[in-house]
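These are my notebook entries on a structure that I looked up. I record each entry briefly.

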Amino acid sequence: MSALSPVERRERRRRRRRQEVIRWGVRVGVALLVFLVGIALGQALHDNPKPGSTITFERTLHLPTGGDPASTVAP
């Protein structure tokens with residue numbers, strides 16, 4: 001076993017700290033990604049109607065009347 005110089009020890013600590021920061025950054029990033037996917041999925045399920053439910057659309061039809069086509073007065 002060889003003794004490390006203070007410079008080597010400091011460099012090794014810096015490398016370990018840097019690796020640890022990167023690991024924690026990846027963990028936080030993955031957790032954030034899972035959280036955002038969960039929110040998106042929840043919104044998608046909330047926005048879509050349930051299968052088998054009845055959806056009613058109401059529309060008003062405007063039919064042209066048989067008036068004089070040259071007339072500017074609308075019925």
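The entries below go from the whole model to its helix, its charges and its surface patches.

**Basis.** I worked with a predicted model, in which local features need pLDDT of at least 70, side-chain atom pairs count only at pLDDT 80 or more, and totals for chains, interfaces and linings use all residues. Residues are numbered from 1 along each chain as its sequence is written, and side-chain values use heavy atoms, with hydrogens and water left out.

**Overall.** Of its 75 residues, 0% count as buried (under 20% relative accessible area; exposed is over 50%, partly exposed in between, with a 1.4 Å probe and protein chains only). The protein exposes about 7,900 Å², and carbon and sulfur atoms supply 61% of this area.

**Salt bridge.** I searched the whole structure and found one salt bridge (a side-chain nitrogen of Lys or Arg within 4 Å of a carboxyl oxygen of Asp or Glu). Arginine 14 and glutamate 11 form a salt bridge at 3.3 Å, N to O. Both residues lie in helix α1, three residues apart, about one turn of the helix. Arginine 14 is partly exposed at 40% relative accessibility, and glutamate 11 is partly exposed at 36%.

**Patches.** I noted a positive surface patch of Arg9, Arg10, Arg12, Arg13, Arg15, Arg16, Arg17 and Arg18 (residues with over 30% relative accessible area and no salt bridge, like charges joined within 9 Å, nonpolar side chains within 5 Å). Arginine 9 lies in helix α1, residues 6-47. A nonpolar surface patch consists of Ile22, Val26, Val30 and Val34, with about 370 Å² of accessible area together.

Key:
Areas by Shrake-Rupley, 256 points an atom, 1.4 Å probe, with all protein chains shown as cover. Lys, Arg positive; Asp, Glu negative; His and termini not counted. Charge placed at Lys NZ, Arg CZ, Asp CG, Glu CD. Helix = DSSP H or I, 4+ residues; strand = E, 2+ residues; numbered from the N terminus.
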